[in-house]
Amino acid sequence: MYERKINPSSLALLVFFLFTVIRQQACIAQKQEACGPSSCGKITNISYPFRLKNDPPNCGNPSYDLACENNITVLYLFSGRYYVESINYDNLTIRLVDPGVQQSNCSSIPRYFLYQANFSDSYTSDRVDAYEYYNAYDNLFEHVIYLNCSNRVSDDPKYVDTASCINWNSNGHIYAIAGYLSAQILKVDCRVRMVAATSLWGPVDEDYTYNQSFSYDDIHWALSYGFEVSWLKVFCIDHCGEPRCYYNETTKTFVCYRDYCYTPLGFPTTKCGKTRLIFKFSFR
């Protein structure tokens with residue numbers, strides 16, 4: 001009978017890889033157990049990778065600092081200061097609300113300009129942000145775009161009139177659009193005043209806007225719900241040693257690629273013709 005022999009170097013490499021993965025997972029579990037969750041206001045489950053700024057230095061990841069201000073959990077993201085509405089450790093997202101938006105006051109507007117382009121793409125940029133606007137499945141938030149138009153817009157239902165709520169001390173007319181502002185729908189006499197984010201709606205249509213009609217009350221409600229961002233990168237780093245991992249929709253697991261190579265255009269690919277060590281894991 002033919003007996004397959006295992007290459008000693010391959011076996012040693014596999015053992016080393018498994019040992020590294022087990023050690024990484026043990027360190028994460030040890031951190032979580034030793035620190036326990038912190039609490040601020042209604043957010044009572046602040047645990048790894050998150051930490052409050054006054055937590056012991058060995059707790060959490062310093063890239064995921066949260067502040068507790070007047071009993072409100074706050075995240076400083078780019079140039080903005082956002083209220084934390086919830087943390088979901090099952091899908092690795094945190095939901096944030098612009099403090100300028102008050103749910104019961106439709107005249108309140110966002111303070112901070114936030115667009116998907118604020119976030120770097122780890123495949124095309126050397127900068128690795130702590131947060132992403134997408135997860136394994138889709139984009140986590142879409143946009144609400146405020147425009148100041150010199151003339152009234154009456155021929156496009158995507159332009160939602162905000163006059164019943166907003167007085168922006170403007171000589172023109174203020175409209176809000178749910179989705180992206182594509183060149184096809186931008187009026188020549190309109191300019192962008194503000195871009196904000198919401199995760200309340202689903203994916204946009206082919207023209208990057210929504211096919212359904214919204215009132216401004218709908219749009220304001222969506223802004224008061226807030227938007228989600230993901231900390232998938234630190235999840236991948238903790239389990240894979242790098243900020244990139246791949247979600248397999250068939251097996252519903254994440255996969256660590258140990259041998260990346262790149263196409264002539266610079267895009268990552270796993271078709272390298274090399275032996276790859278792969279470790280699979282699911283959301284906890």
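This is a predicted model: local features need pLDDT of at least 70, side-chain atom pairs count only at pLDDT 80 or more; totals for chains, interfaces and linings use all residues.
**View 1. The disulfide of Cys 149 and Cys 190.** The sulfur atoms of Cys 149 and Cys 190 lie 2.0 Å apart and form a disulfide. The torsion about this S-S bond is about 110°, so the link between Cys 149 and Cys 190 is right-handed. Cys 149 belongs to strand E8 and Cys 190 to strand E11 (residues 190-198), so the pair ties together parts that are 41 residues apart in sequence.

View 2. Strands E8 and E10 are joined in the antiparallel sense by six bridges. Within this view, Leu 147 has Tyr 175 of E10 as its bridge partner.

**View 3. The disulfide of Cys 106 and Cys 165.** Cys 106 is joined to Cys 165 by a disulfide with an S to S distance of 1.9 Å. The value about the S-S bond is -95°, and the link of Cys 106 and Cys 165 is left-handed. Cys 106 is located in the loop between strand E7 (93-97) and strand E8 (142-149), while Cys 165 is located in the loop between strand E9 (160-161) and strand E10 (173-178); the pair therefore ties together parts that are 59 residues apart in sequence. Cys 106 has a relative accessibility of 23% and therefore counts as partly exposed. Cys 165, with a relative accessible area of 11%, is buried.

**View 4. The disulfide of Cys 40 and Cys 68.** A disulfide is formed by Cys 40 and Cys 68, whose sulfur atoms are 2.0 Å apart. The torsion about the S-S bond of Cys 40 and Cys 68 is about 85°, which means that the disulfide is right-handed. The pair links distant parts of the chain, with Cys 40 in strand E1 (residues 38-40) and Cys 68 in strand E4 (residues 65-69), 28 residues apart. Cys 40 counts as buried because its relative accessibility is 2%. Cys 68, at 40% relative accessibility, counts as partly exposed.

**View 5. The disulfides in the whole structure.** A search of the whole structure finds four disulfides. Among them are the links of Cys 40 to Cys 68, Cys 106 to Cys 165 and Cys 149 to Cys 190.

Key. Residues are numbered from 1 along each chain as its sequence is written. Side-chain values use heavy atoms; hydrogens and water are left out. A disulfide is a pair of cysteine sulfur atoms within 2.5 Å. Helices (H or I, at least four residues) and strands (E, at least two) are DSSP runs, numbered from the N terminus. Buried means under 20% relative accessible area, exposed over 50%, partly exposed in between (1.4 Å probe, protein chains only). Two strands pair if DSSP finds at least two bridges between them.
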